[in-house]
Amino acid sequence: MNSNILFLGIDSLRADHCHDHATSYYTPNFDQLIAKGVFFNQSISCADGTALALGSIFTGLYPFHSDISTYKLKSKKPDFFTHLKKLDYHTYVTIPNSITLDGLTTNFSETNSEFHFKSKFSHLDEGYGNEIIKRLNKDNLKEPWIHFIYLTDLHKPISIPKQFDSENFGKNQYERSISMIDYWLGKFLEKLNLRSTIIVITSDHGEYISTSSKRDLDYKPELTKTVKIGKKILPKSLWPNAKKFVKRTRETVQEKRFNSATKHLTELEKRSLRSRAGWYLYDELLRTPLIFSGNTITSNKLIKNQVGSVDIFPTILDFIGLSPIDTPIDGKSLVPLLKGKPSITTPIYLETASVLKDEPLGKMIGVRTSEYKYFRSRKSSNEKIHLYDLKNDPYEENNLAKINPEIVKRMELFLSNFLVKSSTNDGGELSDEEAESIEHELKKLGYM
């Protein structure tokens with residue numbers, strides 16, 4: 001019988017906090033899986049937003065091919081869960097209370113609660129953890145199975161159970177939450193037969209780890225009075241332009257206030273206070289953990305090659321010996337790397353997410369190679385250009401764009417090669433009511 005597959009997605013988990021990390025927090029179960037498996041320490045997500053990132057993982061396609069975005073959760077493009085169903089796999093989905101996750105995974109399994117379960121809880125300690133344990137009971141799973149489980153305990157705002165809210169489990173809320181997740185991971189593993197199950201752990205994207213409770217969005221002016229006066233004196237025909245003007249003004253004032261309030265901080269400290277889905281594509285947001293363990297994987301292997309999140313499912317299929325998806329995709333199998341064979345590292349496409357209904361595409365796009373990171377404004381190749389030498393400047397503190405025009409030109413060619421690959425719109429947009437629900441959820445999560 002084919003191997004079972006446990007796919008554990010952990011929202012906002014960074015690679016640098018999952019392997020060879022500080023000893024201030026406690027991760028024996030992560031450590032055990034890595035010690036008996038494979039860890040990719042240069043696994044790169046294509047986006048800093050959940051819908052875009054998971055959409056690419058599930059389809060093996062970059063966002064410009066997957067047709068999935070924050071407000072467009074359904075796509076007619078083939079996905080790996082549907083493919084596995086065709087190969088006689090039973091597909092299970094267990095997710096917390098999230099409209100986005102529900103919309104992304106509705107088509108992946110049977111609609112009844114035995115196969116597709118959406119909890120009323122958002123966090124493990126609230127009851128979600130115990131629900132997962134029940135759903136991992138072997139008597140409830142029909143083999144062979146793939147079970148997608150998603151955790152959002154690292155997503156801001158973070159809530160720490162009292163028993164983990166001490167320096168014994170980490171210096172900050174982010175580290176303490178990882179310790180708590182590791183505790184539950186141990187409970188999940190007790191329910192599994194690791195000899196017949198391949199375990200894959202990754203995240204959708206990384207996160208800024210704030211040094212303060214106040215973020216850049218907190219400096220945005222409301223301009224409520226200005227908007228009200230404008231609506232009274234301007235004809236409706238000018239409202240769209242006025243709306244754009246107010247948006248630009250808010251962004252300008254926000255940045256000035258933020259820069260003034262953080263002028264005493266280092267650039268890295270200042271960066272930690274920023275929000276995702278903005279103007280930056282640093283590795284804190286994109287370098288995600290990727291663990292393969294269980295089944296016949298027994299070696300403690302660290303792979304330093306750059307790989308993409310679009311490569312995850314092609315690797316799972318190849319490792320188990322299943323037929324690949326029968327349409328062209330952007331991802332490729334990493335099994336040659338698992339076997340120690342040389343592999344060509346290809347550039348990875350990057351983009352920021354958008355959280356605005358009237359702006360479906362994010363502000364920035366870019367490309368990452370094993371040597372350089374390049375990103376710039378989506379609107380123009382001459383605006384907001386960033387270039388970083390990843391070998392000599394791993395924290396991306398020195399923007400080299402102005403002094404290395406030839407490298408910028410070369411990286412822009414890589415990016416242009418991605419951009420010429422267009423995708424047709426094949427429907428799947430949300431209704432106004434669904435869009436409003438997602439907007440409400442984003443506000444609750446602090447994006448807007």
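**Helix contacts, salt bridges and backbone features**

In helix α6, Gly 129, Asn 130, Ile 132 and Ile 133 meet Trp 184, Lys 187 and Phe 188 of helix α7. Contact here means heavy atoms within 4.5 Å. The residues of this contact divide into four nonpolar, two polar and one charged. Ala, Val, Leu, Ile, Met, Phe, Trp, Tyr, Cys and Pro count as nonpolar, Asp, Glu, Lys and Arg as charged, and the others, Gly among them, as polar. The model is predicted: local features need pLDDT of at least 70, side-chain atom pairs count only at pLDDT 80 or more, and totals for chains, interfaces and linings use all residues. Residues are numbered from 1 along each chain as its sequence is written, and side-chain values use heavy atoms, with hydrogens and water left out.

Helix α6 spans residues 128-135 and helix α7 residues 173-189. Helices (H or I, at least four residues) and strands (E, at least two) are DSSP runs, numbered from the N terminus. The axes of α6 and α7 come within 9 Å and cross at roughly 20°. That makes α6 roughly parallel to α7. Axes are lines fitted to C-alpha atoms, for helices over the stretch in contact, and angles run from 0 to 180 degrees between N-to-C directions. Angles under 35 degrees count as roughly parallel, over 145 as roughly antiparallel, 65 to 115 as roughly perpendicular and the rest as oblique.

Helix α6 is mostly covered, with six of its eight residues buried. Buried means under 20% relative accessible area, exposed over 50%, and partly exposed in between (1.4 Å probe, protein chains only). The buried residues of α6 are Tyr 128, Gly 129, Glu 131, Ile 132, Ile 133 and Arg 135. They pack against β3 (90-95), β4 (116-118), β5 (145-151) and α7.

Helix α12 (residues 312-320) is also covered. Seven of its nine residues are buried, so α12 is largely enclosed by the rest of the structure. These are Ile 312, Phe 313, Pro 314, Thr 315, Ile 316, Leu 317 and Ile 320. Just after α12, Gly 321 takes a positive phi of about 90°.

Salt bridges were searched next. Side chains of opposite charge can pair when their charged atoms come close. The whole structure holds 14 salt bridges, each a side-chain nitrogen of Lys or Arg within 4 Å of a carboxyl oxygen of Asp or Glu. One of them joins Glu 207 to Arg 276, with the closest N and O atoms 3.1 Å apart. Glu 207 lies in the loop between β6 (197-202) and α8 (224-233), and Arg 276 in the loop between α10 (267-271) and α11 (283-286), so the pair ties together parts 69 residues apart in sequence. Glu 207 is buried at a relative accessible area of 3%. Arg 276 is buried at 5%.

A second pair is Glu 284 with Arg 271, where the closest N and O atoms are 3.0 Å apart. Glu 284 belongs to α11 and Arg 271 to α10, so this bridge ties together parts 13 residues apart in sequence. Glu 284 counts as buried at 17% relative accessibility, and Arg 271 at 6%.

Asp 283 and Arg 368 also meet in a salt bridge (2.7 Å, N to O). This pair links distant parts of the chain: Asp 283 is in α11 and Arg 368 in strand β11 (residues 364-368), 85 residues apart. Both Asp 283 and Arg 368 are buried. Together with Lys 373 and Glu 396, they are linked in a network of salt bridges.

Pro 221 sits in the loop between β6 and α8. It is buried, at 8% relative accessibility. Not counting residues up to four places away in sequence, Pro 221 touches Arg 250, Val 253, Gln 254 and Arg 257. Pro 221 and Arg 257 are 36 residues apart in sequence and 9.4 Å apart in space, C-alpha to C-alpha.

Two other prolines follow cis peptide bonds. The bond from Glu 143 to Pro 144 is cis, with omega near -15°; Pro 144 is in the loop between α6 and β5. The bond joining Lys 156 and Pro 157 is cis, with omega about -5°; Pro 157 is in the loop between β5 and α7.

Positive phi values also occur outside glycine. Asp 88 has a phi of about 70°. It lies in the loop between α4 (80-86) and β3 and is exposed, with a relative accessible area of 59%. Asn 295 has a phi near 55° and is found in the loop between β7 (287-294) and β8 (301-303).
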